[in-house]
Amino acid sequence: MNKRTLRLLALVAVATLVASSASAFVLLSPARTWDCSPNVIVDDRGESSITDADGGVAATVAALTSNQAWNGAVSGTLLTAEAGSMANYTLGDGIPMLNFQDPINACKGSCLAATFTGFYQERNDGSFQIFDADIVTNGRYDWTTQSEPDGCSGEFYMEGVQVHEVGHLLGLGHSGVSGATMFPSVSSCNNGPASTAGDDNAGIQALYGNSAPSCSGNPGGDPGGGCDLGQSGDSCTDNGDCCSGNCKGKPGSKTCK
Ligand SMILES: [Zn+2]
């Protein structure tokens, strides 16, 4: 049994992994949600150990957006995903990206992949809004997808691991339910986490209700789509103040780009 931990690498403490009696899902603390359904940019380089047609890019995009995963947990589209460049991979910039590498060397040892979940801010009503979450992947493991022609042997399924990470991106912590996507570990050649369980879906519904947000796109991608943060030209103090996630200028006179 080659069991490895899908470790949540969090910028906030995630010590309260306590299952309640009613259900076992755990929300990140404080509870937080996206205002608009995020569009996750998936590393268009692919992962070097995956031998399907494109290094797992299409398989990962398909898994993230499948109705077997988070989009099946609510009505509407909870998230979209598309292949794109990692050239501007930056934590906290308002553009959620899934990197098949780990440029900041954050994911070590038994960590297969990690999500930076620390980019959120308080809304006027006291609730919390996620404005970015970025994923890194540990290239020291052998990865596969269900599109690989030679099957699975001692490898880890990229689809299941990344559906788990995107659960963190959406606001979930780890579940104590064995078989849930948000269970903190997975065996090699087990792609079960690619399909969310009832416990996972209940966690998403606790955050978002039964319907996906009525707007879509990243904070910077759809200025008319419901982002309540600063629009282009508005004054700001940091990136989290802007729908674009990009606050630039001299201190005291910064504006959203
Ligand atoms: Zn995790």
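**Reading the terms in this predicted model**

Tutor: Let's start with an open sheet of 3 strands, ordered S2-S8-S7 with mixed pairing. S2 and strand S7 (120-122) are its edges, each having a single partner strand, so one side of each lacks a neighbour in the sheet. A strand here is a DSSP run of E with at least two residues, and a helix is a run of H or I with at least four, both numbered from the N terminus. The model is predicted: local features need pLDDT of at least 70, side-chain atom pairs count only at pLDDT 80 or more, and totals for chains, interfaces and linings use all residues. Residues are numbered from 1 along each chain as its sequence is written.

Student: What makes Asn105 exposed or buried?

Tutor: C-beta atoms are placed from the backbone, and we count the others within 10 Å of the residue's own: 20 or more is buried, 12 or fewer is exposed, and in between is partly exposed. Asn105 has 9, so it is exposed. Asn105 sits in the loop between strand S5 (97-98) and strand S6 (113-116), and has a positive phi of about 50° although it is not a glycine.

Student: And why is Cys189 called partly exposed?

Tutor: Cys189 has 14 other C-beta atoms within 10 Å, so it falls in the partly exposed class. Its place is the loop between strand S12 (185-187) and helix H3 (198-208). Phi of Cys189 is also positive, near 60°.

Student: What makes a set of residues a nonpolar core?

Tutor: The members are buried Ala, Val, Leu, Ile, Met, Phe, Trp, Tyr and Cys residues, joined through C-beta atoms within 7 Å. The largest such core has 58 residues, and those with the most contacts inside it include Leu64 and Val166. Helix H2 (158-170) gives the most to this core, with 6 residues.

Student: How do you know that Leu64 is in contact with Val40?

Tutor: Contact needs C-beta atoms, placed from the backbone, within 7 Å. Leaving aside neighbours within four places in sequence, Leu64 has Val40 among its contacts, along with residues including Ala69, Leu79 and Val166.

Conventions
Pairing = 2+ DSSP bridges. Contact = placed C-beta atoms within 7 Å.
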